[in-house]
Amino acid sequence: MKNLSLIFILFTFCSGIQSIAQTLVIKGKVTDKNTGEPLAGVNVIIWSTTKGTVTDPDGLYSISAPSNGKIEFAYLSYASQIVNIEGRSTIDIQMVSTNSELDQVVVVGSRRPGRILMESTTPIDVVNVKQSINTTARMDLTSMLNYAAPSINYNKQSGSDGADHIDLATLRGLGPDQSLVLVNGKRRHQTAFVSVFGTRGRGNSGTDLNAFPAAALDRVEILRDGASAQYGSDAIAGVMNLILKKSVGELTANIAYSGYYDKKFNPAFEPDLNQYVYENKLDGNTISADLNYGIKLGKQGGFANFTLNYLSLDKTYRQSLDQNFDAEYGLPVNVVRRAHGDGSLNSTGAFVNAELPVTDELKLYAFGGFNNKSSEAYAFSRNFSGKPNRFITNTSGQLVDIPGIIKKSGDTNTATADSYFNPIIATDVQDFSAAVGIRRENPDGWNWDLSNVTGQNNFHFYGEKTVNASLGDVNKNHFDDGGFKFLQNTTNLNFNREFSGFLEGIGFAAGAELRLEQYELYAGEEASYKNYDPNKTVITGGGDTVFVAGGSQGFPGYQPSDEVNAQRVAAAAYADAELDITKDFLVSAAVRLENYNDFGFTHNYKLASRYLINNKLNIRGSLSTGFRAPSLQQINFSSTFTTVQGGNISEVKIAPNDNSITKAAGIPELKQEESVNASLGFAWKAMPQLSISCDLYWVNIKDRVVLSGQFDASDNTLDPAFTAELNRLRVGLAQFFANAVNTTNKGIDLVFDYNRKFGVNRIRLLAMGNIQEMTIDKINVPEKLNDTESHRKQFLSDREQAFILASAPPVKLGFNLEYGYKKLGIGTRLTYFGKIKILGYGEDGLGIAPQVPNDDNTGYLPDEYIYNSKWVTDIYASCQITKNLNINVGVDNLLNIHPDLGAVKGAKWWAFNNETGGPWDAVQMGGNGMRMFARLGFVF
């Protein structure tokens, strides 16, 4: 905050020394670059003022402005332009539709300024955030991008502990931490969270895009190519660059509502079941509000743009409401998780983006913000008949009622009445970032940019409406479970320059980076993890004697033995050159050297080229090596919790990399993930209104970091030294982070974009697709665990392998058709998610060739869930009511489509043996059904 205060003081000081220039009358005409048609109603504003005019029906304008000032041209659905007046009295402008990607200037992928997509050596998507978010009920950035770009994959987790509270997107089916996120070209910090449950990203950390207010963004640039040699660690799959707004003198405000209406699976429509938790027939109610305003700083185009945002999202509840096994969605009563659905969220945040020219060449800049998220999600249900040891009981073993927590279920033909409670896992996540820098912009000499970016994420767990059964305190229903923090500070110095005189010119860039990281895991309160009466037993309904469970039910707290405070330093240097061999033929090369004080040195390279056959067709390709350093989260995460299986209490330890258990198991120190990326494709502007791009890609990754399976201390077939260490530390089960698997992804990305205006009519057709396949090439089993097939399967089970392969659907298609007439617009979006397969735990709970008994107990069936391909249909409409007010309404998933059941046909009594404990797993399309929305936008 001191840095931000200092930079704004400098802005204020420098703004007072700007000169006043002579005033000119400037005239000109504004036209559409593609069609040549005049554009009426374009805002023509003197930069950094509120003074301006609009173009007439012939696209003509006239305005008085300083001779050395700037003019901004802004128009809905067109890219804004800022031009220097430079003493000219006539300035004609050709504006580019933001729907015509190939003409847009992009920042990511090249360090040469002014690079347009048509000339790029690699595929880049540009998502206009305002346009995209206005047409959907999806009000967070991550889920919006999931439908706007087929190469991005995301699904809302459920029943997965911390994964329910953080939304991590991926590129091209790879891990969430294999994509690098930038803000204004600067590295964004990751979340402190590392996933150990959930259907996606198991064993991975990543960047929380939803900690960032969408209203602060102008656009998102998505580089779909390996870029480690250009940008460093995490860029194996590609890069997402979030570009902040720069507008001034304009106040924009948006308020939106959305809610789900799902008659098929919401238990509110079948209250007589009396088995499930629910709220209303319209659930998942969401309110979103944001404000954005910019002010001028100085007389040479300085600005400060501010954003405030608020998001409130209620829980959803989804169950199969039909107990007829012959019905398409018929399942038994779900006693595993009586409150199945998405968690709730309350989020508030603020962000600022500022820049101030000090001289004609030097500019100070700063950006940063704060976000706080409070979230709640239901854990798996605790049923007294099955697990009485998880309840508070009296000396006779009878249940002690706790009003507001203990509930009573109904009696149906498939479930007798039972007492139960649903623990709530709550989180408080605080995210802060600040960047300051100074850069020199000199078209005839060296440009440089010096910056420092700091970011921190604090992820804190709590247990709500739950108990520690061993404590016996009916009034202790809230627990501090501890959590973790991650801090990252990155200092960059970059240089670039254009050189002429050799062939058609060279663009050269070089720089250095110093990155400091700190990861801290802190324990919860004692009652969140301790067993206060380890010898107390209760008798189950089946007559078995079991020990009382300790710790907070739902999410046991982190213990003092889990605590860690780790740091590391990474230093890097890079060089990047682009050679224009001819005006049409470009070759680029990049090299990056990086050293980490904890795991060592790495070097990576990239070659890329493009050939402009003409000004309408670009053939492009690249070949690169890549890397991802294991995160501090993966190296140092530790968790100890108690499980009660078969009447026995066992301590489960997720052991960090330097733990004695890990070393005894023969798990080597984590090393970097290494990749080889290749791509080949083209971008073709087939006609002024139509652009087409197609890119093939191949990504081979060695030593991916994932979470292993669990190993049992009672297994006498394991190495004696390993089991001895487990027994010495009284650990019953252990698992580890390891460089466990090599994979290959190959696929094709397609984009077809048609955009035309004729008179007062406009039409757009956008078709996008990603077709991909992943294979597991090798499982890197450590020598000590590679002695038997059973141990090899325990290290990475069939179930875990299926999760890796199902990271993205094999086919994802999107079709978006829009029609506009004057101030009205309508549109539809069709999204196709291809078929995936996920495996259950099986009867033995190991996930190794899992099988379950069929419904009549005459045999066994594979415990596999086939989620067939589905189409999701969205519709929306918009109206510009006045120049200050617009409205957008619509329905996502109009036909109320749901995933197929996550249950084996013929073995439905074994339903809910999946990751979510619900009727299906968390898959791409989600399970909440139809969602309606309305959005009001104000501009002043």
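Predicted model: local features only at pLDDT ≥ 70, side-chain atom pairs only at ≥ 80, totals over all residues.

Residues are numbered from 1 along each chain as its sequence is written, and side-chain values use heavy atoms, with hydrogens and water left out.

**Exercise 1.** Determine whether Asn489 is buried or exposed, and identify the polar contacts of its side chain.

*Solution.* 
Step 1. Asn489 lies in strand S25, residues 478-499 (strands are DSSP runs of E, at least two residues, numbered from the N terminus).
Step 2. Asn489 counts as buried because its relative accessibility is 18% (buried means under 20% relative accessible area, with a 1.4 Å probe and protein chains only).
Step 3. The side chain of Asn489 makes polar contacts with the side chains of Asn452, at 3.0 Å, and Thr454, at 2.4 Å (a polar contact is a pair of N or O atoms within 3.5 Å; within protein, one must be able to donate a hydrogen and the other to accept it, and residues adjacent in sequence count only if both atoms are side-chain atoms).

**Exercise 2.** State which strand gives the largest share of the lining of the second largest cavity.

*Solution.* 
Step 1. A cavity is a set of points on a 1 Å grid, over the protein atoms alone, where a 1.4 Å probe fits but cannot get out; lining residues have an atom within 4 Å of a point.
Step 2. The second largest cavity is lined by 32 residues.
Step 3. Strand S36 (690-707) and helix H9 (798-805) each supply at least two lining residues (helices are DSSP runs of H or I, at least four residues).
Step 4. The largest share, 4 residues, comes from S36.

Notes:
Buried < 20%, exposed > 50% of the residue type's maximum accessible area, 1.4 Å probe, protein only. 1 Å grid on protein atoms, 1.4 Å probe; cavity = no way out; pocket = protein on both sides within 12 Å on 5 of 7 lines; lining within 4 Å.
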